[in-house]
Amino acid sequence: MKALVIGGNPAGMSAASRMKRKAPDTEVIVLEKSHEVSYGACGLPYYVAGLNDDLDRIRIRKAPEFEKNGISVGLGQEVIAVDTEKKIVTAKNEQGEESTYNYDKLLIASGTSPKVPPIPGIRQNNIFCLKTLQDAEAIKTAIQKSKGNVVIVGGGYIGLEIAEACVLQKVKSVRIVEALDQVLNVFDEEFGQAVKDELEKNDVAVCTGERVQSFEGIDGTVTEIVTDKGRYPADIVILSIGVSPNTKFIDSVEKLPNGAIITNTAMETSVKDVYAAGDCGTVYHKILKKPAFIALGTYANKQGRLAGDSMIGKEVCFDRALGTSMLRCLGMEFAKTGISEKEAKREGLDVKIKTVTTRSHARYYPDPVELTIKFVYDAKDHTLLGAQIMGAKEAAWRIDVCACAIDQGMTTEELGYLDLGYAPMFAGVWDAIGIAANASK
Ligand SMILES: Cc1cc2nc3c(=O)[nH]c(=O)nc-3n(C[C@H](O)[C@H](O)[C@H](O)COP(=O)(O)OP(=O)(O)OC[C@H]3O[C@@H](n4cnc5c(N)ncnc54)[C@H](O)[C@@H]3O)c2cc1C
């Protein structure tokens with residue numbers, strides 16, 4: 001069997017490695033547009049922040065290591081077309097020379113690219129996105145050279161991580177401009193407000209409900225950002241307004257309106273022998289019961305591995321995505337799993353909501369902090385459907401308990417009596433999760 005993989009980052013390389021390990025006779029070829037494979041993009045903000053000064057540590061495995069295991073890696077090969085009738089893929093190299101590859105099974109693992117909207121002046125020096133190792137290097141160099149005015153457009157996960165990085169790098173002025181009414185929009189409003197408060201406490205200006213209209217510059221280098229509400233000096237601009245799936249090279253498969261390839265729970269697309277995994281595709285959302293676009297590294301790794309299994313004929317099923325995610329922003333941790341209150345409203349679900357603020361651990365043991373826990377649960381049978389947690393510490397990991405509870409269809413009553421551990425430095429005798437669950441009647 002000949003398996004072709006488009007894209008050589010977590011999803012693609014997980015699938016390639018899995019196929020080679022479990023079915024060594026499979027011929028596995030990976031086509032990767034760039035000259036990097038298998039790096040941890042999630043580590044890039046911390047390189048920018050100066051918490052890690054060795055970019056090479058973010059390279060998890062390099063191409064020769066995969067080659068040694070029998071995987072053929074074509075670097076600098078950008079796939080430009082797929083003929084799913086003839087089972088032929090066309091790629092071009094940096095010189096524009098085209099090559100074709102046939103396949104028995106094809107995996108699309110081409111990820112996403114940052115959105116760069118056609119705003120006047122956007123193509124100027126010192127306007128960056130953060131996606132690749134090279135982006136991180138360029139941003140860090142620019143920040144260390146300038147230390148001046150950094151404007152971050154977009155207050156989602158990546159924008160907030162960059163804001164933290166700028167604070168740690170002692171940038172003179174950091175501003176986030178966000179078109180929506182809150183930052184961290186996947187969370188409910190009160191969590192967005194808490195992030196905003198934390199940013200402002202650290203002298204980061206946060207402009208919500210404000211839209212960028214143009215970027216002004218001198219000699220091709222940005223100097224100012226103009227919004228519908230004001231003008232701000234900008235020596236460096238970082239765009240983090242979301243991502244688009246890299247799927248333009250294939251038309252024959254079904255996609256969501258944003259271009260994400262729709263897959264079933266075995267990572268199969270609507271076309272036979274064509275699979276998709278990671279950010280370029282969808283995950284099956286356990287609560288919403290439909291394919292959803294949630295671009296997270298956790299899914300890229302899980303789906304990649306399972307796609308590898310699926311392609312060599314094993315039965316697999318990944319139907320338990322909950323959008324579980326975590327973020328530290330300066331002195332606060334935020335985490336979410338399942339659905340938020342506003343998602344429940346949007347989906348027309350009959351839910352109850354409970355928010356509880358309690359202590360992270362025993363009051364007599366040093367430094368307990370306040371944790372705020374919000375539960376969304378079924379109004380009739382009390383099945384837990386979503387959780388959001390924030391606190392200065394010991395908050396984020398607790399979301400994993402909630403993810404298990406939601407995955408297993410537990411009610412708040414069951415969660416309230418779950419056998420969670422207790423010692424004074426870790427928890428109260430009733431853990432914060434148990435307290436929130438028992439209050440969710
Ligand atoms: C700054 C940052 C921080 C993040 N932090 C977190 C986090 O804390 N937690 C978390 O869960 N996730 C995080 N993520 C998301 C995570 O990195 C992605 O979900 C993950 O990288 C997706 O992996 P992928 O293999 O699906 O796609 P990608 O990583 O996008 O890789 C796709 C690969 O395909 C290649 N490619 C694209 N088009 C073609 C083509 N036509 N031909 C050939 N090759 C092609 C690309 O060059 C790329 O190497 C973060 C992402 C960023 C950028």
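Good morning. I begin at the ligand: one of its oxygen atoms is 2.9 Å from a polar backbone atom of Asp 279, a polar contact being a pair of N or O atoms within 3.5 Å. The model is predicted, so local features need pLDDT of at least 70 and side-chain atom pairs count only at pLDDT 80 or more, while totals for chains, interfaces and linings use all residues. Residues are numbered from 1 along each chain as its sequence is written, and side-chain values use heavy atoms, with hydrogens and water left out.

Asn 9 places a polar side-chain atom 2.9 Å from a ligand oxygen atom. For Thr 298, a polar backbone atom is 3.5 Å from an oxygen atom of the ligand. The ligand taken alone exposes 1,000 Å², of which the protein buries 89%; accessible areas come from the Shrake-Rupley method with a 1.4 Å probe.

Which element gives the most to the shell around the ligand? That is α7, with three residues. The shell divides into 15 nonpolar, 10 polar and six charged residues, with Gly counted as polar. Helices (H or I, at least four residues) and strands (E, at least two) are DSSP runs, numbered from the N terminus.

I turn now to α7 and α1. Their axes, lines fitted to C-alpha atoms over the stretch in contact, come within 7 Å and cross at roughly 35 degrees, on a scale from 0 to 180 degrees between N-to-C directions. Contact means heavy atoms within 4.5 Å; the residues making it include Pro 10 and Ser 14 of α1 and Asn 301 and Gly 304 of α7. These contact residues divide into six nonpolar, four polar and four charged.

Key. A polar contact is a pair of N or O atoms within 3.5 Å; within protein, one must be able to donate a hydrogen and the other to accept it, and residues adjacent in sequence count only if both atoms are side-chain atoms.
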